[in-house]
Amino acid sequence: MAGGEDIRLDPWGAIEIKDYNRLFRVFGIRPFIEVARLLRHAGMEPSLHMRRGIIFGHRDFDKVLLAKARGEPVAVLTGFMPSGRFHFGHKLTVDQLIYYQRNGFKIFVALADAEAHIVRRMPREESFRIAVEEYVANMIALGLDPKKTEFYFQTNRDTPYYRLVQLFAGKVTAAEMEAIYGDLSPAKAMAALTQAADILHVQLEEYGGYKHVVVPVGADQDPHLRLARDLADRMHGIIKLERPASTYHKLQPGLDGKKMSSSRPDSTIFLTDPPETAKKKLFKALTGGRATAEEQKRLGGIPETCSVYHMDLYHLIPDDKELDKIYTACRTGELLCGQCKAIAWEKLEKFLEEHQRKLEKAKNIAWSIIETPRF
Ligand code: TRP
Ligand code: SF4
């Protein structure tokens, strides 16, 4: 089950992945470009994140696209731990959900309140509120159609889902789980098996019988996918489950140069940040600029290591030509960081204003469509 070389991805840790090519070599994740040409066969245009190489890898996504081309039902499932506020890192995943929804995929969203409680010690009531008012509301305000999305709390699903969790527990050994996750508490084992049920249960008749499911995640979540794929195989003789497909995106670097995380508010911008707060964060964000203006004009900046450029790349500048201009002007030293931040701010301010205007209504919708757990 484990990878051959001594590298382990920790879905609960704070690792940063420096070398994406190793993931291909060590874990058998395939380069996304290999399947990109099948998108059109399935009637889809590549998304912004596909075009820009942000989605860099996959497992079995070609099978999902071929199924879609044959007219079979296809679904996307992902999950969010409702333990902090919704930020631009989350938006990356939600943009993908919206893209798939517009292309006819059924969308499932797990609100991972069990995981938040048992792994992060989140108080229950607090995580319910965060799940609905932060996660679901922001997703709706971003454009995910609540009528065509199935949101559910992990602790509020029903029998067939839990039946999977229980049966999965007998299909994997402690040694195998440790090879994937490292040191394992009962809490983490439970969270991992629950996540496998998230990924696989939509194949059951009770949930629509979606046999072709893709899970879009950051590469740090791959251990969960490997477990879910093995469990699918091992349920043979009990129930037929297909291996889930997955796509992997590069996590957007934080504004402080470290991993984006809601636990370090200056590393990211929350979609509910007041404009003044967002502006301050953006203007003090780590750039790929040089020490002095003179040096920058002479040597050019380095967009690859610049968190502001990554805001443009991931979110703020959908027009490829416009982004190319920023990139080139930075590299040639024509553009200085102050100006460049001002351009990004103009876009960000407009985005936040519009988004936050939609948010109040989205909150009401969110509360009306989701049932929260009783305790
Ligand atoms: N573990 C994920 C996180 O930390 C949340 C999650 C729960 C999830 N169930 C999932 C992600 C199913 C993908 C698929 O954010
Ligand atoms: Fe980043 Fe812009 Fe500065 Fe280049 S000019 S390093 S893209 S902020």
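Mentor: A residue is near a molecule if one of its heavy atoms lies within 4 Å of it. By this rule, 13 residues surround ligand 1, the closest being M81, E115, Q195, D198 and Q221. The model is predicted: local features need pLDDT of at least 70 and side-chain atom pairs pLDDT 80 or more, while totals for chains, interfaces and linings use all residues. Residues are numbered from 1 along each chain as its sequence is written, chains are lettered from A and ligands numbered from 1 in the order written, and side-chain values use heavy atoms, without hydrogens and water.

Trainee: What makes the pair formed by Q195 and ligand 1 a polar contact?

Mentor: A polar contact is a pair of N or O atoms within 3.5 Å. A polar side-chain atom of Q195 lies 2.8 Å from a nitrogen atom of ligand 1, so the pair qualifies. An N or O atom in the side chain of D198 is also 2.8 Å from a nitrogen atom of ligand 1, and for Q221 the value is 3.3 Å. The protein covers 90% of the 360 Å² of accessible area (Shrake-Rupley method, 1.4 Å probe) that ligand 1 has on its own.

Trainee: Which elements supply at least two residues each of the shell around ligand 1?

Mentor: They are β3 (74-80), α11 (186-201) and β6 (212-218), where helices (H or I, at least four residues) and strands (E, at least two) are DSSP runs numbered from the N terminus.

Trainee: What makes 6 residues of this shell nonpolar?

Mentor: Ala, Val, Leu, Ile, Met, Phe, Trp, Tyr, Cys and Pro count as nonpolar, Asp, Glu, Lys and Arg as charged, and the others, Gly among them, as polar. Sorted so, the shell has 6 nonpolar, 5 polar and 2 charged residues.

Methods. Polar contact = N/O pair within 3.5 Å; in protein donor to acceptor, adjacent residues only side chain to side chain.
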